[in-house]
Amino acid sequence: MSSFMKVAPEVSEAVKAGKPVVALESTIITHGLPRPRNVDVATEAEKIIRDAGAVPATIGVFHGVPTVGLTATEIEELANDDTVGKASVRELPIAAVTKRNYGTTIAATSLLAVRAGISVFATGGLGGVHHGASTNFDESADLYALANNPIVMISSGAKAVLDIHATLERFESLSIPVVGYQTDNYPGFYVQDSGFKVPVRLDSPEEIATAFTAQRGLGLPSALLVGNPVPKDEQLDPDLLHGVVQKAWDALDEQGIEGQAVTPFLLEYIRQETKDASLDANVALYRNNVRLATAVAKALLAGAE
Ligand code: PSU
Ligand code: MN
């Protein structure tokens, strides 16, 4: 392992011993959820994984060092740091100079997880093609990281603020397999259905493990995207979401927000407009994804025996 990143001993030992490990991102902690709920959710996610007999690896940049397996104290510092950055892949080398704390996006987290030998990653919603990308070129670096890092990625679809049709087209162009977990619909992040279909439906952690084992065996470079819908009784009201996304896009244009600030702005706007209902849905879907990821990590290892 290079000296440019740090892997917690518990994580590297688990990987070496063939124990199940689940990677978690930290932008959800630093930019996605408000305080103090961010620490609670991060702590609960790790507990869900441990209680099911696996090892959690929360990933972020701590004092400039990309770290796989942040300690509870490190997570707390990131969560409460007013100057914390958002690190996608291209910020990782810069952190060696700034020595700052950063939450890592799905892109940066999946790269670090794969470098550490981890096979499964749970998150909330993926980055993808932004609304208006045909003129503003705003596509998340998540797309390219997903094309280049072989990991099972459990999410509830792409973030609801994105151009979902264009995002699904990009997944296809980049040869990234996309499956629905117990559904034929591509999940819509805060809601069960994005309005688009998935090409394939898989119904158990074992099927997901089989597909990923074949994918790895063939040497495919990409992630396997598993769309796991938010439980129906915990989804955001789909009619409410539709109107609020439109308003969020208008506010974005009006305020001239660009670059890395776009996704956090849109999600925070929706949280305020829905009086925290979107936040509740976000937490619920995340929990559900952490559970499935743990089951997949175990199934992958059972299949390898
Ligand atoms: N949740 C948020 N804000 C974010 C993200 C999640 O509230 O910024 C992160 C995710 O980690 C995802 C990234 O990987 O946003 C995509 O951002 P961008 O569109 O800038 O690539
Ligand atoms: Mn962007």
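How far does a polar side-chain atom of H130 lie from an oxygen atom of ligand 1? The answer is 3.0 Å, and the notes below place that contact in its surroundings. This is a predicted model, in which local features need pLDDT of at least 70, side-chain atom pairs count only at pLDDT 80 or more, and totals for chains, interfaces and linings use all residues. Residues are numbered from 1 along each chain as its sequence is written, chains are lettered from A and ligands numbered from 1 in the order in which they are written, and side-chain values use heavy atoms, with hydrogens and water left out.

**Around ligand 1**

- Ligand 1 is surrounded by 15 residues, each with a heavy atom within 4 Å of the ligand.
- The closest of them are E25, G32, I106, S140 and D142.
- By class, this shell holds 4 nonpolar, 7 polar and 4 charged residues; Ala, Val, Leu, Ile, Met, Phe, Trp, Tyr, Cys and Pro count as nonpolar, Asp, Glu, Lys and Arg as charged, and the others, Gly among them, as polar.
- Helices α2 (27-32) and α12 (262-273) each give the shell at least two residues.

**Polar contacts and burial**

- S140 has a polar side-chain atom 2.6 Å from an oxygen atom of ligand 1, and an N or O atom in the side chain of E25 is 2.8 Å from an oxygen atom of the ligand; a polar contact here is a pair of N or O atoms within 3.5 Å.
- The protein buries 94% of the 460 Å² that ligand 1 exposes when taken alone, with areas from the Shrake-Rupley method and a 1.4 Å probe.

**The fold**

- You will find 13 helices and 13 strands in the chain; these are DSSP runs numbered from the N terminus, with helices (H or I) of at least four residues and strands (E) of at least two.
- The 305 residues would have a radius of gyration near 19 Å as a compact globule, and the chain's 18 Å agrees with that; the value is taken over C-alpha atoms, and the globule rule is 2.2 Å times the number of residues to the power 0.38.
- Along the principal axes, the C-alpha atoms fill a box of roughly 50 × 45 × 35 Å.

**Backbone details**

- R35 and P36 are joined by a cis peptide bond, with omega about 0°, and P36 is in the loop between α2 and α3 (37-51).
- S175 is not a glycine, yet its phi is positive at about 60°; S175 is in the loop between α9 (164-173) and β9 (178-181).

Key. A polar contact is a pair of N or O atoms within 3.5 Å; within protein, one must be able to donate a hydrogen and the other to accept it, and residues adjacent in sequence count only if both atoms are side-chain atoms.
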